[in-house]
Amino acid sequence: MSTAVEQTDSQADDCTGKQAALAGYVAEFPNPSALKQAAGQTREAGFKEFDCYAPFPVHGIDDVMGIKMTRLPYIVLACAFTGAITAVALQYFTNAFDYKYIISGKPFFSIPADVPITFELAVLFSAFGSLLGMLALNKLPKFYNRLFMIDPFLKATTNGFFLAIEAKDPKFHENDTREFLNSLKPIEVVACMEPNENVKIPKIFLPIAACILIFGLVPLVVIARMRVTPQTTPRIEIVHDMDFQPKLKTQRFSNMFADGRGMRPRIPGTLARGDLRHDTAFYEGLIPEQADKVNREHLLPNAKKEDGTSVSLDKMPWVSQIPVPVDEKLMARGQERFNIYCSVCHGLSGKGDGIITQRAMKLQAANPGVGTWLLPTPLYSEPVRKQKVGQLFNTITHGVRKMPGYGSQIPVKDRWAIVLYLRALQESGSGSIEDVPAEIREKLNAEAKE
Amino acid sequence: MASITTTPFDITAETPGKRAPLVTGNNDYQTVTDQVCRLAEVPARTIPKSYWVALTFCLILLANLGICIGILFTQGVGVWGNMSPVFWGWPIVNFVFWVGIGHAGTLISAILYLFRQNWRTGINRAAEAMTIFAVICAGMFPGIHIGRIWVFFWLFPLPNSMLLWPQFRSPLLWDVFAVGTYATVSILFWYMGMIPDLATFRDRAVTPVRQFIYGIVSLGWTGSARCWHRYERAYLLLAAMSAPLVLSVHTIVSFDFAVAQLPGWHTTIFPPYFVAGAVFSGFAMVATLLIPARVLCGLQDIITVRHLESMCKIMLATGMMVGYAYAMEFFIAWYGGNPYEQFTFINRAFGPYWWAYWTMVSCNVISPQFFWIKWCRTTPWFMAIICIFINIGMWFERFVITVTSLSRDSLPSSWGYFKPTVIDWLMLIGSFGLFFTLFLLFCRFLPVVAMAEVKSVMPEPVSEHE
């Protein structure tokens, strides 16, 4: 660094304009302390439009120069609140208002779950607020600055400490101010000129910028237009998603297997789902060999043939043996199920005196001409006794006349258990005293007399 | 350039009661600037050969990463070893590893700034740059892990034709916001810190191209005291916001695990444990980078042994915090009385992944203990070895947490053993290529040291004027 104190009148060299006006004086100082001292003296001398330039923030120079506290913290605070409110509003709108959906039973809008994103967005917004706010308050970016025209000023970002007084300051005077600056013992004082006003942006610049802007908008306009125009052609698939999958479909050829079929035949000895339903004796009470001929529609209550005549259910190929193993357990199960499902109408003995029947008959007797309740056929009557077990099963499954079907409520095996119990009821309801074993007869007689 | 002479004996290490200077040698503002700008200003042919060798090597690794990503995009995520029951394999391990590394920069610039630790000035720029590059590496892994890469924008709450929105009650979405915010704020912080130094580059530029580019990016900075006033205020505000941010990011990353109900993940210690681990690994990576970089860039006078020693102390402290967390996890598993939790931790240390667990413990808990010894803290080559061990250990920590917990979950019939594929390996190596390439380019094109901040902690030159 030069030790000589120079006082250069560099008016002609440092400025670009020919008739340039004086913009101010720039004085260079050797170190931060000297700059700080000079700044204090400049302020005391009554200058307002002056500034100091240093490669790093000089401690305490703010107070010496009388720089007021910046408004930046308030801007950042406002940004932080904006960010936090944006985050809460975004989370409320998206997950609790516009598209509600339940995730693991969590509430749609929950403050604890919103905290992380609220915090992050508050920080994000305030970070932009501090950088952009700082730049805006500093009037940056400002790519042209008349100070850059002064050669010594290039040191301001390395090791130069400068003080500049601007000509627009009311106390500025071309010679007095220079004298004043010299009295502060600077390394040198340089005059800074206003830029040459003839230097302007070329006129061609605006039309070119406008053209670039307009052409730049063309793709956006095309995309916007395409989005709202219905198309008859299939869409262009850049990524196929799962629209075209390399998989084998039914009835298609495939090289993968020796027989050339994409579909695979069933492996011998295996069953497909629903195959067991082919056991018509168990599931429908029909003899398997003849079941194919039966029109299943005819099994429903009050079915009519195509010519309008009633279907004779007695002629159907019903099975006459219960197709499940019969034992005492099944009988007990049948009794239990009968008492639950059937006895309310049919009565516990099958006579047709269940509590619903009794109540219905009472109501019908009190209001003649109202009600359509039919007395259930006693289950031990001759026509019912003659029916094969298959038909009884079918009646439980689909119902008959006014009786609804119970197929949807009672499992298949339980229906057969009820059929078995029905047979027992029929025996007890139509038999004579001779059917009872001799040793129990006396006991029954004794009970009857009491 | 003036030749810099440093004193032959070591005056830079910390001794109790006496602070070592932050800038050594007979440096003034001019020579500090010259040193920092040197690598960015010299013509390409005068750059040390070691730089070109390193850059070529890193570019090869980067190209390898590009190829791996190409394979991944065309073949799908099946090219990785992620397989039932370990659906979160290396991509997530790498993500957490890199995000953790990305914590040192902002910690140095924000928290150490708030604590008035002046020694941060020498290393903060490089550490911030490292942060950003690490976050880029980190963000890449979940980014390419989403399977259908062409709809990556579904991560963000953008209006769409399906009228769907992201699910804000999920930690995975918090992660998107946390890492996104962290990356953005780190870049803003980094850039703001660089504006005065970019202005230095602009003013020193000798070619019009450099003048133009650095002129644009320095935004017309003059170093005006009025600007510095607002700048310092903005820096303080950013630091104050970044300090909780840096703690929040790894906390939220740890929620990815802690909010799940898997034994080994579902623990409340995770947030502080992850943050301590992040600072630990971040400082290790800063030291790993700066020990060679200070020689490469000729910055031994600015990034002195004192700086390295301070970093060692932080590593020692955070390393012990991490060790405490490892011990506490075991204690709570026993004390909590949950047999599944107990099984997970015993399985971690003595199960099929015992080798990973003990690698982690020896690298993370035992190796930093060397830093109790002054010689170890002040010998750069030895530090570099320890730091590399710490980096390895911290990668294994994430591997242990992710893979051991998943591979043996509550359903023994689905237990498995994770095997990485070649692509897994090449991608991990490739991510280092990306990281180091970016760092080398940074050294060549941007100010590696915050010159303005270093100058502000240098002793004032004696006035030649009086």
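Me: Why is Glu41(B) called partly exposed?

Reply: This is a predicted model. Glu41(B) has a relative accessible area of 26%. Buried means under 20% and exposed means over 50%. The value for Glu41(B) falls in between, so Glu41(B) is partly exposed.

Me: What makes Arg204(B) and Glu41(B) a salt bridge?

Reply: Their closest N and O atoms are 3.0 Å apart. The rule asks for a side-chain nitrogen of Lys or Arg within 4 Å of a carboxyl oxygen of Asp or Glu. The pair passes, so it counts as a salt bridge. Arg204(B) lies in helix α6 of chain B and Glu41(B) in helix α1 of chain B, so the pair ties together parts that are 163 residues apart in sequence. Arg204(B) is partly exposed, at 22% relative accessible area.

Me: How do you know that Arg226(B) and Asp51(A) form a salt bridge?

Reply: The closest N and O atoms of Arg226(B) and Asp51(A) are 3.9 Å apart. The cut-off is within 4 Å, so the pair is counted. Across the interface of chain B and chain A the rule finds 1 salt bridge. There are also 28 residue pairs in polar contact between the two chains.

Me: Which helix of chain B gives the most to the side that touches chain A?

Reply: That is α8(B), with 17 residues. By class, this side of chain B has 35 nonpolar, 17 polar and 12 charged residues. In total, 64 residues of chain B are in contact with 74 residues of chain A. The area buried between the chains is about 6300 Å², and carbon and sulfur atoms give 66% of that area.

Me: What makes Glu336(A) and Arg333(A) a salt bridge?

Reply: Their closest N and O atoms are 3.4 Å apart. Glu336(A) is partly exposed at 37%, and Arg333(A) is partly exposed at 31%. Arg333(A), Glu336(A), Arg337(A) and Asp414(A) are linked in a network of salt bridges.

Me: Why is Lys168(A) called exposed?

Reply: Lys168(A) has 58% relative accessibility. Exposed means over 50%, so Lys168(A) qualifies. Its salt-bridge partner is Glu166(A), at 3.6 Å from N to O. Glu166(A) has a relative accessible area of 23% and is partly exposed.

Me: Why is Lys185(A) called exposed?

Reply: Lys185(A) has 56% relative accessibility. The cut-off is over 50%, so Lys185(A) counts as exposed. Lys185(A) lies in the loop between α6 (174-183) and β4 (188-193) of chain A. Lys185(A) also has a positive phi of about 60°, although it is not a glycine.

Me: What is the phi of Asn302(A)?

Reply: Asn302(A) has a positive phi of about 55° and is not a glycine either. Asn302(A) sits in the loop between α8 (280-284) and α9 (328-346) of chain A. With a relative accessible area of 54%, over the 50% cut-off, Asn302(A) is exposed.

Me: Where is the cis peptide bond that has omega near 0°?

Reply: That bond runs from Leu140(A) to Pro141(A). Pro141(A) is found in the loop between α5 (111-137) and β3 (161-166) of chain A.

Note on methods: Residues numbered from 1 in each chain as written. Chains lettered and ligands numbered in written order. Predicted model: local features only at pLDDT ≥ 70, side-chain atom pairs only at ≥ 80, totals over all residues. Heavy atoms only, no water. Helix = DSSP H or I, 4+ residues; strand = E, 2+ residues; numbered from the N terminus. Buried < 20%, exposed > 50% of the residue type's maximum accessible area, 1.4 Å probe, protein only. Contact = heavy atoms within 4.5 Å. Buried area = accessible area lost by both parts, 1.4 Å probe. Polar contact = N/O pair within 3.5 Å; in protein donor to acceptor, adjacent residues only side chain to side chain. Nonpolar A, V, L, I, M, F, W, Y, C, P; charged D, E, K, R; others polar.
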